[in-house]
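I'll jot down each thing as I look it up.

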Amino acid sequence: MRFIKITLKEGIFQKTVEFSRGSNIIYSKKNAVGKTTFLRAIYYALGYSIPSTKGIKFDNMEFWLIVESKGKQYKLYRHNSYMSIDDENGQIEYSLPTDLHDIQNRLTGCDNKNILDLSLIHISEPTRRTP
């Protein structure tokens, strides 16, 4: 799966990131600038249940994610437990977390729930040690 573009919106604030066709690296020499939060936002936009992070409540935000998979382009929209996916065949609406396997199947073509369950993720901030 290739990410093309993600847009995040909270109230009147909106941010769009376009991914390059090659490799994309999320990098900063500084801590606490949003690298992990950005990855969480991508996973959340894909339908996963991701806990909110300090100062950001994903359930209050809207996400648009365009991906390419299996030679097709998919436009995903997510707000809280509502999700829709548009492709050349039209739009299908989903309710999360109930329809997560259906979403994964549509994006990957895999219908084996045991394999799809392997993709469950856990993103957490590393434990910071104080000297």
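**Entry 1: a pair to start from.** I began with Thr7, which stands opposite Trp64 in S3. The strands here are S1 and S3 (residues 62-69), which pair in the antiparallel sense over seven bridges. My notes on terms: strands (E, at least two residues) and helices (H or I, at least four) are DSSP runs numbered from the N terminus, and two strands pair if DSSP finds at least two bridges between them.

**Entry 2: ground rules.** I'm looking at a predicted model, where local features need pLDDT of at least 70 and side-chain atom pairs count only at pLDDT 80 or more, while totals for chains, interfaces and linings use all residues. Residues are numbered from 1 along each chain as its sequence is written, and side-chain values use heavy atoms, with hydrogens and water left out.

**Entry 3: the sheet.** In what order do the six strands stand? I read off S2-S1-S3-S4-S5-S6, an open sheet with antiparallel pairing. S2 and S6 each have a single partner strand, so one side of each is left without a neighbour in the sheet. On average, neighbouring strands are turned by 15 degrees against each other, direction ignored; the axes are lines fitted to C-alpha atoms, for helices over the stretch in contact, and angles run from 0 to 180 degrees between N-to-C directions.

**Entry 4: helices on the sheet.** H1 packs on the sheet and touches S1, S2, S3, S4 and S5 (contact means heavy atoms within 4.5 Å). The direction of H1 makes about 100 degrees with that of S1. Helix H2 (residues 100-108) packs on the sheet too, touching S3, S4, S5 and S6, and its direction makes about 20 degrees with that of S5.

**Entry 5: two hairpins.** S4 (residues 72-79) and S5 (residues 82-87) pair in the antiparallel sense over five bridges, with Tyr77 partnered by Ser84 in S5. They form a hairpin with two residues between them, and Asn80 in the turn has a positive phi of about 60 degrees. S5 also runs antiparallel to S6 (residues 90-95), joined by six bridges. Here Tyr82 stands opposite Ser95, and S5 and S6 form a hairpin with two residues between them.

**Entry 6: who lines the second largest pocket?** Of its 14 lining residues, the closest to its centre are Leu8, Lys15, Thr37, Ile56 and Met61. I noted the cut-offs: on a 1 Å grid over the protein atoms alone, a pocket is an open set of points where a 1.4 Å probe fits, with protein on both sides within 12 Å along at least five of seven lines, and lining residues have an atom within 4 Å of a point. S2 gives the largest share of the lining, four residues.
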